[in-house]
Amino acid sequence: MAKKVSKYVPYLLVAPALIYLGIFIGYPMIEGIKLVFYENGGFSLATVHRAINNYYFWPALRNTLSLVVIIVPTQLILALIFALAMNKVFKGRNIALTLLIIPMTLSDIAAGLIWYSILSPSGFMNKLLINLGLIHTPIQLFGYQFHTREFIMLVFVELWRSTVTIFVIVLAGLQMISQEYIEAAEVFGAGYWTRLRRIIIPLLKPSIQTALLLRTIYAFSIFGIVWVLVGRDIPVLAGEAYYQVTQIKDYGVGAFYALLIAIMSLTIGIIYLRLTKAEYLEVRR
Amino acid sequence: MNRRILSLFLIGVLALAIVASGCISGGGTTSTSPSKTTSSPTATSTTTSKAGGKVVWASTQLVPPAERAFILNTVLPGFKKQTGIDVEFIPISYFDLSTRLAAEEKSGKVTIDLVGDLHGAMDYYDSQGWLMDLSNMPQLKGRTFISTFQKYSVIRGKKVYIPWMSATYVMVINKEAFKYLPSGLTEQDVIQGTDKWTYDAFLEWAKNIYEKTGKKLVGFPVKGLFHRFLHGYLYPSYTGYEVKKFDSPEAIKMWDYLKNLWQYVNPSSTTWDEMADPLLRGDVLIAWDHTARIKDAITKEPDKFVVVPVPRGPKGRGFILVVAGLAIPKGAPNKEAAWKLIDYLTTPKVQAETLSQTGFFPVVKEASEELPAGPLKVLAKGVAAQESTSDALVVMIPNLGKYGGQFGELYKEAFRRIVLQGQDPAQVTKDIGAQLDKLFQEAGVPLP
């Protein structure tokens with residue numbers, strides 16, 4: 001009898017999480033799918049048609065994908081560099097670590113507002129440059145006419161704000177790598193690059209996988225920073241979903257954009273899991 | 001042991017489910033369905049407190065928490081003190097209110113005594129025959145309603161509502177900008193809104209500022225309510241109508257004008273929600289926006305800014321007037337008490353308080369006397385100047401219900417394509433004009 005019950009214990013233990021996900025993720029998702037495909041009592045593609053033909057849809061999709069493609073790999077490289085640097089003991093390490101982690105404590109809206117007040121025409125940066133006599137008229141970074149500059153600023157602020165997410169995970173991963181492997185490699189004459197390529201990166205794969213997965217999902221739903229800094233000059237999918245629901249009151253189209261983000265995140269998640277199969281050296285005998 | 005864990009767990013899940021279901025339906029406690037209100041304990045008190053009676057007031061206005069707090073903590077206690085009448089204030093959406101009114105009027109069991117809503121909504125409620133004629137109600141003494149509002153509150157020859165609050169969109173000028181006025185235009189022309197204060201003069205002014213300072217210091221909230229400027233200001237001023245002449249030669253002239261003006265408009269405009277911050281930061285010297293959205297700038301630096309009427313175009317000085325009114329539904333159980341509340345809400349003192357707390361402007365002339373000197377007076381003076389210009393071409397925001405968002409979006413799309421992307425105005429106005437026609441047809445509203 002005791003054995004029989006213990007068979008169910010694992011299921012019971014995951015049940016609260018499943019119930020939670022069911023209520024707060026599953027149910028809204030089903031309602032979202034219904035909003036998109038269910039109209040006048042039956043299946044309909046009218047909402048999808050309306051969403052795809054929306055003036056902002058293709059630019060929003062293109063911008064979202066470009067931001068993900070540019071931001072996520074850059075963040076990974078930067079986070080790796082920072083993590084490798086921070087993994088050593090040096091004077092001022094704690095201060096550097098704190099400075100690096102500060103952006104993590106800010107919401108995207110707050111980060112956007114801070115950077116807007118720095119970079120806007122009458123912001124701190126322009127005032128400083130003018131007072132130093134380096135420029136005479138403010139450098140214009142925002143506005144529809146300055147599309148490329150706006151895009152670069154978005155990338156920059158997003159890098160500043162969220163690289164730390166990857167950094168923290170990668171640093172934790174680095175600190176878990178046993179020093180023995182590194183020392184053994186050194187004994188066999190492996191240089192820094194060889195150690196990095198053959199030992200550190202492979203052992204970091206599980207951490208990188210988690211970090212990439214999280215960051216990509218968040219990058220697909222990038223919104224707050226875009227909304228604050230550039231509005232709809234650079235439309236993005238999550239922003240359009242918000243706009244459709246709050247301004248246009250077209251819940252179906254809003255739900256379609258949200259669903260699209262979910263599908264893209266899911267696909268990328270699966271690809272990551274396949275591509276970055278972790279090598280658990282500890283378990284490989 | 002395991003069985004005990006199992007039963008404890010099941011009890012936990014059950015408790016969680018009960019709490020969760022409570023939370024989920026908990027959101028509905030503010031539900032405004034008629035059946036719920038009639039059976040609620042507060043509604044029962046209607047019959048018990050005969051002394052002063054009780055007014056059920058459903059309003060789509062003053063719904064945000066801060067404004068609601070003003071009604072609940074200041075206005076209603078004051079009214080209760082004066083009359084002994086209790087009021088149940090029900091903040092409600094336009095959609096819910098029209099559904100509820102329809103249901104109550106159809107069933108003959110009316111529970112709402114007073115309705116607070118915008119002009120367009122009142123027009124609709126009355127067209128459905130849900131509102132009573134207020135022309136035979138006792139006179140409201142000690143106040144003079146501004147004639148424009150008085151005129152609009154009479155619909156199809158019937159006094160449908162009593163004007164309650166108003167809002168509009170104005171221009172704010174940083175006094176420094178007056179240094180760069182073009183020749184032929186004086187400060188007084190701008191402040192009083194004379195014939196010389198035209199859109200062409202505005203363009204000259206913006207150009208002058210740019211040439212003298214090297215900066216583009218005119219701004220619009222393109223991310224915010226800019227569509228109101230297009231359909232409620234430029235279109236009526238150039239074509240005489242908000243929508244009717246959307247793709248006309250006059251409209252093309254208007255778009256050409258805007259393209260010209262845009263050369264001197266701060267390019268960051270496309271990233272601005274509201275103009276108070278850009279004005280305070282000094283990003284712009286001249287801005288257009290909703291009164292509530294520039295109030296902050298005036299409040300913080302009342303000596304720096306002046307609120308002025310908008311310029312005029314070939315067809316007049318088009319501007320939007322948002323009017324909220326108070327109406328009594330047919331068959332309201334306590335219409336005498338409702339009238340007393342209307343009386344109280346439109347007294348100059350309460351009107352002035354409403355402006356200072358919510359940013360909605362008074363509809364009675366005497367209210368301005370109640371205002372202390374300072375920022376609010378600056379605002380009220382500018383708004384009054386705009387409303388009393390002789391060439392005023394007042395327009396209302398069309399009451400399109402769920403299509404309202406799409407309506408504004410189409411104007412913004414036209415702007416983006418014509419002005420920002422340089423597409424052919426004739427083609428774009430033809431395209432979007434057709435979409436606007438379709439939208440008004442679907443909404444069953446005549447083209448304004």
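## Two domains in chain B

Let's start with chain B, where the domain assignment gives domain 1 (50–167 + 322–378) and domain 2 (168–320 + 387–443). This is a predicted model, and in it the centres of these two domains, taken over C-alpha atoms, are separated by 30 Å.

Where the domains of chain B touch, 16 residues of domain 1 are in contact with 18 residues of domain 2. On the domain 1 side, the elements that give two or more residues are α6 (119–127), β6 (162–174) and α17 (375–387) of chain B. The biggest giver there is α6(B), with five residues. Sorted by class, this side of domain 1 has nine nonpolar residues, six polar ones and one charged one.

## Where the chains meet

Next comes the contact between the two chains, which takes 22 residues from chain B and 26 residues from chain A. Looking at the chain B side, two or more residues come from each of α1 (2–26) and α18 (404–420) of chain B. Of the elements on that side, α1(B) gives the most, with six residues.

What classes of residue does chain B bring to the side that touches chain A? There are eight charged and eight polar residues, along with six nonpolar ones.

## A helix pair in chain A

Helix α3 (residues 57–86) of chain A packs against helix α9 (residues 192–220) of chain A at an angle of about 150°, and their axes are 9 Å apart. Because roughly antiparallel applies to angles over 145 degrees, α3(A) is roughly antiparallel to α9(A). The two helices make a right-handed crossing.

Which residues of the two helices meet? From α3(A) come A:T64, A:L67, A:V68, A:I71, A:V72, A:Q75 and A:L76. Facing them from α9(A) are A:L212, A:R215, A:T216, A:A219 and A:F220. By class, the residues of this contact between α3(A) and α9(A) divide into eight nonpolar, three polar and one charged.

## Confidence in the model

For the model as a whole, the scores are ipTM 0.82 and pTM 0.81. Chain B has an average pLDDT of 87, and 88% of its residues score at least 70.

Where in chain B does pLDDT stay under 50? That stretch is residues 19–51 of chain B, for which the model has 22 contacts beyond four places in sequence.

Methods:
Residues are numbered from 1 along each chain as its sequence is written. Chains are lettered from A and ligands numbered from 1 in the order in which they are written. This is a predicted model: local features need pLDDT of at least 70, side-chain atom pairs count only at pLDDT 80 or more; totals for chains, interfaces and linings use all residues. Two residues are in contact if their C-beta atoms, placed from the backbone, lie within 7 Å. Helices (H or I, at least four residues) and strands (E, at least two) are DSSP runs, numbered from the N terminus. Ala, Val, Leu, Ile, Met, Phe, Trp, Tyr, Cys and Pro count as nonpolar, Asp, Glu, Lys and Arg as charged, and the others, Gly among them, as polar. Domain bounds come from an automatic or database domain assignment. Axes are lines fitted to C-alpha atoms, for helices over the stretch in contact, and angles run from 0 to 180 degrees between N-to-C directions. Angles under 35 degrees count as roughly parallel, over 145 as roughly antiparallel, 65 to 115 as roughly perpendicular and the rest as oblique. A crossing is left-handed if the near helix is turned anticlockwise from the far one by less than a right angle, and right-handed if clockwise. pLDDT is the predictor's confidence in each residue, from 0 to 100.
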